[in-house]
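Hello,

Here is the structure you were waiting for. Please open it alongside this note, and my findings follow below.

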Amino acid sequence: MSQNNTRTSTHQSPDKNAKRLQNQVFRGDYNLSRYNACVGDNGAPNIYYYAEGFSEAVFLLIDSVKNDSRLSIDTLIYPICFNVRHSVELYLKALWGELSKLAEAKKVSLQLPLFENKPVNVLNTHEIGIIWDGVASNATHLDKRFSSVVEDLAPLIACIHEVDSTGQTFRYDYDMKTDTKHLVPVSLINIINLKRQFETIVNKLEELKKLSRYLNYEYSMGTFTKKLNRADIQNIAHRLPHRDRWKDGELSKVKGILMLEYGIGSREFSFAVKKIEELHDLSFNIGVEKEPLGLTKEDLLKFSDIWGVRNDINEWRDNLIAALDGSMMNGIGFEYDLSNVDDRINKMILDMEKNDMAFNEFIKYATPDNVSGCIALYEYRGCSFSEEYVNLYNNHFEYYDDAYKEGGERWDAAIRNAWSNYFEYSVLLKHMILSLRNLNMPSSAYAIEKHCMVEGLIR
């Protein structure tokens, strides 16, 4: 078993004062800059760059051999297959790094695979079977959503292991330890079949990469137990009766079924139920619609009016209608011919007047709570989980509450910053409405739509 070191998760910081290495063979050429490749810390390529580079080389070489009869398939098969093998090894080691982060989020440790009853550091071996065992077993243990992709990949990785377990088969013609010729039992390798199979392998490895990154993101929300992930808790939310029927024994009827189905005890079940009650997007499933953080319905309507003065709510409504019937792109239009200088000036003056009028109302009404609430709804548009909405609100509230308590110039500056960075935006109200819907607060969303007479126009 080879023990050559390949580091992917721990690195020494480069010496900023170190002399740049440029020798006769490996150097850049500023006269041919288009052909300079960025390496090292120049562009910060990571292990995925290496893996993708080797995999791209496979496809380029195979296509070159197919399209150019002058190229020798009998010689190029070795770099082609070496690149297949090495790309897979690098992908798996990169995935080990992703799994390490996931294990840290779950507060557990990765289990090292065994070789001859001894634990092996995945990053310190080239044995593809050992690397795969480590990745596959830990992935499925950390989250069952890995299982189907792991099952699809397992027989393909086994094929690579069977032919080239250590990464030596396509590098040398003879095994250095046994002095036997490589690939004698294989005899023939069809590059068209190899390309098809490798495409499947790369696609599945990319699927694992995306899934592991998504799960790292999901687990960072903290909504999980030892046996339940967030998706499980969400599924349980769909199975629970409405909250107002729990006292009638409805909850007890499904509790035992769910505990048996998910293999959990009463404590984990109680944690899941508590999370379902807490979270905006999940509580709706048990008939509990939460209120927006920091905002009453009156706050929402007042801010809608203020925003409507700044952005001309009547024009906004007309543009939404026009966008829906296809007569205007994205609901954006103007009441002036802006190619005319006088019209541009008149519009600028009118915009300034509307902005001043709206801002004067805004500063009378703004509090740390309602300002933070509006901003959190606006910023939630790019998020996936309601935990992020809570974090956004808390972070903004901490800032605005500190400014409010200090008062004076700091509060004034904070409010002006909030106005110019959020409340002036023409898309603020639309994104707030969409966030309210996505967070399962439809009553609050509809209250704004009805108040602004845009029911059915926000998509």
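**Findings**

Ser55 is buried, at 5% relative accessibility. The cut-offs are these: buried means under 20% relative accessible area, exposed means over 50%, and partly exposed is in between, with a 1.4 Å probe and protein chains only. Ser55 sits in helix α1, residues 47-67. Leaving out residues up to four places away in sequence, Ser55 touches Ser87, Phe198 and Val202. Contact here means heavy atoms within 4.5 Å. Helices (H or I, at least four residues) and strands (E, at least two) are DSSP runs, numbered from the N terminus.

Two points on the source. This is a predicted model, where local features need pLDDT of at least 70 and side-chain atom pairs count only at pLDDT 80 or more, while totals for chains, interfaces and linings use all residues. Residues are numbered from 1 along each chain as its sequence is written, and side-chain values use heavy atoms, with hydrogens and water left out.

His182 lies in the loop between α4 (147-163) and α5 (191-219). His182 is buried, at 14% relative accessibility. Beyond four places in sequence, His182 touches Gln168, Thr169, Tyr172, Asp173, Tyr174 and Asp175.

His161 is in helix α4. His161 is partly exposed, at 36% relative accessibility. With residues up to four places away not counted, His161 touches Ile128 and Gly129. The C-alpha atoms of His161 and Glu278 are separated by 48 Å, and these residues are 117 residues apart along the chain.

**A helix pair**

How do α13 and α16 cross? The axes of α13 (residues 368-379) and α16 (residues 428-438) come within 7 Å and cross at roughly 80°. The two helices are therefore roughly perpendicular to each other. Axes are lines fitted to C-alpha atoms, for helices over the stretch in contact, and angles run from 0 to 180 degrees between N-to-C directions. Angles under 35 degrees count as roughly parallel, over 145 as roughly antiparallel, 65 to 115 as roughly perpendicular, and the rest as oblique.

Cys374, Leu377 and Tyr378 in α13 meet Leu428, His431, Met432, Ser435 and Leu436 in α16. By class, this contact has 6 nonpolar, 2 polar and no charged residues. Ala, Val, Leu, Ile, Met, Phe, Trp, Tyr, Cys and Pro count as nonpolar; Asp, Glu, Lys and Arg as charged; the others, Gly among them, as polar.

**Cysteines**

The count is 0 disulfides. A disulfide is a pair of cysteine sulfur atoms within 2.5 Å. For Cys383, the closest cysteine sulfur is in Cys374, 16 Å away and too far for a bond. Cys383 is partly exposed, at 23% relative accessibility. Cys38 is also partly exposed, at 49%.

**Positive phi**

Lys107 is not a glycine, yet its phi is positive, near 60°. Lys107 lies in the loop between α2 (73-105) and β1 (114-115). Lys107 is exposed, at 76% relative accessibility.

Glu116 is not a glycine either, and its phi is positive, about 55°. Glu116 lies in the loop between β1 and β2 (118-119). Glu116 is exposed, with a relative accessible area of 65%.

Best wishes
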